[in-house]
Amino acid sequence: MKHILVITALAAACAPALAADLAKGKQLADTQCAACHGPEGNKPIDPSYPRLAGQYADYLAKVLVDYQKGLRKNAIMGGIAKPLTRADIENVSAYYASVPGVLGDRKAK
C-alpha cells in the first residue's frame, strides 16, 4: 500500500510537466526569449546570457518564478517574467527542455 501512495504522489508531481504545450512554449520562446537567448535558446546575443536549450524544465520554471517573485534580480528578466502565467512558465520551460542543447566541456580540448 505504501508503494502505491509513493507512485501516486510521483505521478501527480510529474503531471504538470506532462501537460505542457510545447507549441505554445515555442511561440512564447520565439516572441519573448529569442531576442536575447537566440534561436531555440542555443545562441545568446551576449556570452553572459545563458543557453536555455537542453536545460531541465523544472530548473527553468523555478528560475522564472524566482524572477517573478524578485528572488532573482535582473530588470529585464523580472519584467519579462512578471506577466507570465503558470501555464506560460510550464510551456516555455518544457519547450526549452525539449530542444537539444549545444553545451560542451570547454576543458575537453
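Tutor: Begin with the word contact, which stands for heavy atoms within 4.5 Å. Leaving aside neighbours within four places in sequence, Ala29 is in contact with Ala34, Val92, Tyr95 and Tyr96. Note also that this is a predicted model, in which local features need pLDDT of at least 70 and side-chain atom pairs count only at pLDDT 80 or more, while totals for chains, interfaces and linings use all residues. Residues are numbered from 1 along each chain as its sequence is written, and side-chain values use heavy atoms, with hydrogens and water left out.

Student: What pattern does the protein follow along the sequence?

Tutor: Helices (H or I, at least four residues) and strands (E, at least two) are DSSP runs, numbered from the N terminus. Here there are five helices and zero strands, and the pattern reads α-α-α-α-α. Of the contacts with a separation of 6 or more, 63% join residues 24 or more positions apart.

Student: Is Ala29 buried or exposed?

Tutor: Buried means under 20% relative accessible area, exposed over 50%, and partly exposed in between, with a 1.4 Å probe and protein chains only. Ala29, which is in helix 2, counts as buried because its relative accessibility is 1%.

Student: How much accessible surface does the protein have?

Tutor: Accessible areas come from the Shrake-Rupley method with a 1.4 Å probe; for residues, only the protein chains shown count as cover. The total is about 7,700 Å², and carbon and sulfur atoms account for 62% of that.

Student: Which residues have the most contacts inside the largest nonpolar core?

Tutor: In soluble globular proteins, nonpolar side chains tend to be buried together. A nonpolar core is a set of buried Ala, Val, Leu, Ile, Met, Phe, Trp, Tyr and Cys residues joined through side-chain atoms within 4.5 Å. The largest one has 19 residues, and Leu64, Ile89, Val92 and Tyr96 have the most contacts inside it. Helix 2, helix 3, helix 4 (75-81) and helix 5 (86-98) each give two or more residues to this core. Helix 3 gives the largest share, six residues.

Student: What is Leu64 in contact with?

Tutor: Leu64 is found in helix 3 and is buried, because its relative accessible area is 11%. Beyond neighbours within four places in sequence, Leu64 is in contact with Met77, Ala81, Leu84, Ile89, Val92 and Ser93.

Student: How many aromatic pairs are found in the whole structure?

Tutor: A pair of aromatic rings is described by the distance of the centres and the angle of the planes. Rings of Phe, Tyr and Trp (its six-membered ring) pair if their centres lie within 6.5 Å; planes under 30 degrees apart count as stacked, over 60 as edge-to-face and the rest as tilted. The search finds one pair. Tyr95 and Tyr96 form it, tilted, at 5.3 Å centre to centre with 55° between the planes. Both Tyr95 and Tyr96 are buried.

Student: What is the phi of Glu40?

Tutor: Most residues other than glycine have a negative phi. For Glu40 phi is near 55°, a positive value in a residue other than glycine. Glu40 is found in the loop between helix 2 and helix 3 (57-69), and counts as partly exposed at 42% relative accessibility.

Student: Where is Asn42?

Tutor: Asn42 is in the loop between helix 2 and helix 3. At 10% relative accessibility, Asn42 counts as buried. Apart from neighbours within four places in sequence, its contacts include His37, Arg51 and Val99.
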